Amino acid sequence: MSSEHAGGAVREDGDGVNADGGAAPGEAGGENTALALKILVAGGFGVGKTTLVGAVSEIRPLRTEELLSEAGQSVDDTEGVERKTTTTVAMDFGRITIRSGLSLYLFGTPGQDRFWFLWDELSQGALGAVVLADTRRLEDCFPAVDYFEHRRIPFVVAVNCFSGARSYGEQDVSRALDLDPGTPVVLCDARDRASGKEVLIRMVEYAGRMHTARLLDSVGQVY
């Protein structure tokens, strides 16, 4: 079995990949060679990362949720998400097939800053990321935006349209977050599979353009 890591891509001759983005064991020499892409789903506390991964995943999602404790009340800001009772402490994991031969492996990151040490591990080999945003707590996604911009990991901002929240246009959100020109902003419902799938397709398309442009730029510098 052979695997290829380039820009978040894994060529797999089996049925899946390991959590670090590597190819999972499978039958060598099989004809069902597929391309798997690793995508991160990030954002602030309670923004809907676990919901999005669960809504789009075609397999039973892996979740590492724990009940919110009294000890964490002093560090977990639940304003606007008072009904939230659990939190992700490691990662969420799911898989979705976009088309024949192309699957996305989704890794949801924990939202609280005390778990950010896990982000470096999860981001290894990622093609790109989805940064979920809640317009009621827009400042909560600044750390994720900064993280991916500094590491040159392509990302899209997906505004999770919560019921009762004030509506903002894509340009308004882009300006509020001071995004680099061209960074896509999309509106979505994290509970809806079709909506989540559209966000992921937009992410893959954008990341593909970015990686291609960087490759061409590096080749041009050589010559």
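The lining of the largest cavity has six nonpolar, two polar and three charged residues (Ala, Val, Leu, Ile, Met, Phe, Trp, Tyr, Cys and Pro count as nonpolar, Asp, Glu, Lys and Arg as charged, the others, Gly among them, as polar). Heads up: this model is predicted, so local features need pLDDT of at least 70 and side-chain atom pairs 80 or more, while totals for chains, interfaces and linings use all residues. Residues are numbered from 1 along each chain as written, and side-chain values use heavy atoms, without hydrogens or water.

**Exercise 1.** Work out how much space lies in the largest cavity and which residues are closest to its centre.

*Solution.* Step 1: searching the whole structure turns up one cavity of 30 Å³ or more (points on a 1 Å grid where a 1.4 Å probe fits but cannot get out; lining residues have an atom within 4 Å of a point). Step 2: the largest cavity holds about 50 Å³, counted as space filled by probe spheres. Step 3: eleven residues line the largest cavity, and Phe45, Val47, Asp134, Arg137 and Asp140 are the closest to its centre.

**Exercise 2.** Describe the phi of Arg152 and find its loop.

*Solution.* Step 1: Arg152 isn't a glycine, yet its phi is positive, about 55°. Most residues other than glycine have a negative phi. Step 2: look in the loop between α3 (142–150) and β9 (155–160) (DSSP runs, helices of at least four residues and strands of at least two). Step 3: Arg152 counts as exposed because its relative accessibility is 54% (exposed is over 50%, with a 1.4 Å probe).

**Exercise 3.** Now do Asp178: is this residue buried or exposed?

*Solution.* Step 1: go to the loop between α4 (170–177) and β10 (185–188), where Asp178 sits. Step 2: Asp178, not a glycine either, has a positive phi of about 55°. Step 3: with 62% relative accessibility, Asp178 counts as exposed.

Key:
On a 1 Å grid over the protein atoms alone, a cavity is a set of points where a 1.4 Å probe fits but cannot get out, and a pocket is an open set with protein on both sides within 12 Å along at least five of seven lines; lining residues have an atom within 4 Å of a point. Buried means under 20% relative accessible area, exposed over 50%, partly exposed in between (1.4 Å probe, protein chains only).
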